[in-house]
Amino acid sequence: DFNNLLTIILGGASMALLDLEASPEAAREALLEIEAAAQRGADLVRRLMSFSRRGGLRRRPLAIDETISGFVPTLRRLLPESLALEVELQATDAQVLADPVAVEQVLLNLVSNARDATEGEGRIRVRSRLAREGVIVEVVDDGRGMSAETQERVFEPFFTTKEAGQGTGLGLPMVYGLIQQHDGSVEIASALGEGTTVELWLPTLEANAPEVTPRKPSREDLRGHGETILIVEDDPALSLTASRCLQRFGYVVLTAPGGTEALEVLDAEPDVDLVLSDVVMPGMGGRELQRQMQEGAHASVPIVFMSGYASPRPQNAPLLPKPWTPDALAAFVRDCLDAREPARGG
Ligand SMILES: Nc1ncnc2c1ncn2[C@@H]1O[C@H](COP(=O)(O)OP(=O)(O)O)[C@@H](O)[C@H]1O
Ligand SMILES: [Mg+2]
């Protein structure tokens, strides 16, 4: 996935810079990895470009309900007569800082998905309402719904359950990307055979205050003290990048390519201080690993996650978004360990 590639590139570049003088051979290796990852990324982008006609966002204050209602006739034209489109706009006067073309693009994708999920009959509802510091826009269908496995992967670029030529797998990633660029969030609720609700949250203009920049920790704060971290990641190059990075910061690193293997490592190694796991992996994923650790013999070992998608977020566990940089990874691991042992180092 694209975020894995970016993480490999960012991590590799940071490390190549550090290795440059002391160890040119290691730097060379990191650069070769960057080159390979960038090449894979370039191939992905080439495929993406043919679907994206976005030349940067042009955000301006918008009355969201007006933007939606102005677009309803276009949405209507996407749908067969037998599908009802109900529009219920209740975010009167709410203003968001948004690019109207992006908002239309998002609605177009969601309503197309809703249409594809029905057998040509039923109803699609587009609703808006005021919510805490923002507006919620919902697209609701009573179509076939999604399995839990599908829901986990819908934000993954190129993930589609549709036949070749029907689906691109880029609709929801685009929705996710656009809403993120608007400082909003996307949530999906779906049940097989019952339907799907996609809920968008966008901050209203008043709430759109500039963010406070968090204190940048010094490198010394980020250092490990020989704690053992188990990295669970199915992408071998990304696992290697994370391992090297944490080793450099002073951690002992173990790795496992999936949940099942991680449990084996935990059984064999009693001294793991923290499990850092990907969420979506073939075989046993991160959430199942979390469940089995908590219900089994490893309830005392904290598990935290790194993930690139807005897929259903693991409960009660910190999440490091991909792509990460080495400093962000080290800070995240340090924070997670410190949260567990507040007295350490006193
Ligand atoms: N409203 C929906 N109802 C059921 N499944 C959906 C819905 N929206 C998205 N999906 C699932 O998510 C997948 C990815 O959607 P998307 O990213 O828009 O790509 P595409 O529509 O090209 O397949 C779809 O193939 C489908 O399986
Ligand atoms: Mg789609």
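Student: Why is helix 9 called roughly parallel to helix 10?

Tutor: In this predicted model, helix 9 (residues 259-268) and helix 10 (residues 286-295) pack at an angle of about 30°, with axes 9 Å apart. Angles under 35 degrees count as roughly parallel, over 145 as roughly antiparallel, 65 to 115 as roughly perpendicular and the rest as oblique, so helix 9 is roughly parallel to helix 10. The axes are lines fitted to C-alpha atoms over the stretch in contact, and angles run from 0 to 180 degrees between N-to-C directions. Helices are DSSP runs of H or I, at least four residues, and strands are runs of E, at least two, numbered from the N terminus.

Student: Which residues make the contact?

Tutor: Helix 9 brings Gly-259, Ala-262, Leu-263 and Leu-266, while helix 10 brings Leu-289, Gln-292 and Met-293; contact means heavy atoms within 4.5 Å.

Student: What makes strand 9 and strand 12 edge strands?

Tutor: The open sheet has 5 strands in the order 9-8-10-11-12, with parallel pairing. Strand 9 (252-256) and strand 12 (319-321) each pair on one side only, where pairing takes at least two DSSP bridges between two strands.

Student: How do you know that strand 8 and strand 10 pair?

Tutor: Strand 8 (residues 228-232) and strand 10 (residues 274-278) share 4 bridges in the parallel sense, and the cut-off is at least two, so they count as paired. Ile-229 stands opposite Leu-274 in strand 10.

Student: What about the numbering and the confidence limits?

Tutor: Residues are numbered from 1 along each chain as its sequence is written. Local features need pLDDT of at least 70, and side-chain atom pairs count only at pLDDT 80 or more.

Technical notes: Chains are lettered from A and ligands numbered from 1 in the order in which they are written. Side-chain values use heavy atoms; hydrogens and water are left out.
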